[in-house]
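Please examine the model displayed below together with its sequence.

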Amino acid sequence: MSSPSFPGPITRLLAVHAETRRHLQALAAGHASASPAAVAWIDGPARGAHDILERRLFPALIESMAGSDAVCLKGMTGGLARGRADLDRRWRQAVRPALEGSADPAARGTLAAWTSDYLAWLARADEELLPMAARLLDDAALDELAADCVRLDART
């Protein structure tokens, strides 16, 4: 399993999600000073963690169900991937530009809706997907995930 000097990969992903949640809540509360740090976090470690989920964790979970009917799991991972793609699109097209200087009053509503949707996405990943991964993944899959998470630590 992973090195004792680093938290386990599931714990590390949960920690990134917790920090992402903190940044989102600061943005939602209207703390203007939170914007630069939030933009850097969302474009950096948060994006990296989501990439790890899609590139490493989702396939490992599907593989762990080899020989079984993984329709529900495929639906969950597919839904999370589609949700992330939508959040990313909205981030690039409206939210990030608004945080970087738009005084448009509609930007506040866009930010509020996006933040709410992102928090819901994080809750689904943290409450459904990651606990399932902790139960289903074998040591080899967790080690591979841990290697990705070590690289993620370099981004924080």
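Two residues are in contact when heavy atoms of one and the other lie within 4.5 Å. The model is predicted, so local features are reported only at pLDDT of at least 70 and side-chain atom pairs only at pLDDT 80 or more, whereas totals for chains, interfaces and linings use all residues. Residues are numbered from 1 along each chain as its sequence is written, and side-chain values use heavy atoms, with hydrogens and water left out.

The protein chain contains five helices and zero strands, where helices (H or I, at least four residues) and strands (E, at least two) are DSSP runs numbered from the N terminus. Along the sequence the pattern is therefore written α-α-α-α-α. Of the 156 residues, 42% count as buried; buried means under 20% relative accessible area, exposed means over 50%, and partly exposed lies in between, with a 1.4 Å probe and protein chains only. Among contacts in the protein chain with a separation of 6 or more, 79% join residues 24 or more positions apart. The chain exposes about 7800 Å², and carbon and sulfur atoms supply 56% of that area; accessible areas come from the Shrake-Rupley method with a 1.4 Å probe, and for residues only the protein chains shown count as cover.

The interior may be considered next. In soluble globular proteins, nonpolar side chains tend to be buried together. A nonpolar core is here a set of buried Ala, Val, Leu, Ile, Met, Phe, Trp, Tyr and Cys residues joined through side-chain atoms within 4.5 Å. The largest such core has 41 residues, and those with the most contacts inside it are Leu13, Leu57, Trp114, Tyr118 and Leu137. Helices α1 (9–28), α2, α3 (71–99), α4 (105–136) and α5 (139–155) each supply at least two residues of this core, and α2 gives the most, with 12 residues. Leu13 is in contact with Ala49, Ile52, Leu53, Leu130, Leu145, Cys149 and Leu152, leaving aside its neighbours within four places in sequence.

Leu13 is one of the buried residues of α1, which also include Pro9, Ile10, Val16, His17, Thr20 and Leu24. The 20 residues of α1 should span 28 Å at 1.5 Å a residue, and its end C-alpha atoms are 28 Å apart, which agrees; the expected span is 1.5 Å times one less than the number of residues. Gln25, also in α1, is partly exposed, because its relative accessible area is 45%. Gln25 and Ser116 are 91 residues apart in sequence, yet their C-alpha atoms are 9.2 Å apart in space. After α1 comes Gly30, whose phi is positive, near 85°.

Helix α2 covers residues 35–64 and includes Ser35. Ser35 counts as buried because its relative accessible area is 10%. Beyond residues up to four places away in sequence, Ser35 touches Leu27 and Leu99.

For α3, the 29 residues should span 42 Å at 1.5 Å a residue, and the end C-alpha atoms are 39 Å apart, which agrees. Helix α3 bends by about 55° at Trp91, the bend being the angle between axes fitted to the seven residues ending there and the seven starting there. Thr77 is found in α3 and counts as buried, because its relative accessibility is 7%. Apart from residues up to four places away in sequence, Thr77 touches Phe58, Ile62 and Leu129. Just after α3, Gly101 takes a positive phi of about 140°.

The aromatic side chains remain to be described. Rings of Phe, Tyr and Trp (its six-membered ring) pair if their centres lie within 6.5 Å; planes under 30 degrees apart count as stacked, over 60 as edge-to-face and the rest as tilted. By this rule there are three aromatic pairs. The rings of Trp91 and Trp114 are stacked, because their centres are 5.0 Å apart and their planes stand at 25°. This pair links distant parts of the chain, with Trp91 in helix α3 and Trp114 in helix α4, 23 residues apart. Trp91 is buried, with a relative accessible area of 1%, and Trp114 is buried, with a relative accessible area of 1%. The rings of Trp114 and Tyr118 have centres 5.2 Å apart and planes at 80°, so this pair is edge-to-face. Trp114 and Tyr118 are separated by about one helical turn, because they are four residues apart in helix α4. Trp91, Trp114, Tyr118 and Trp121 form one aromatic cluster.
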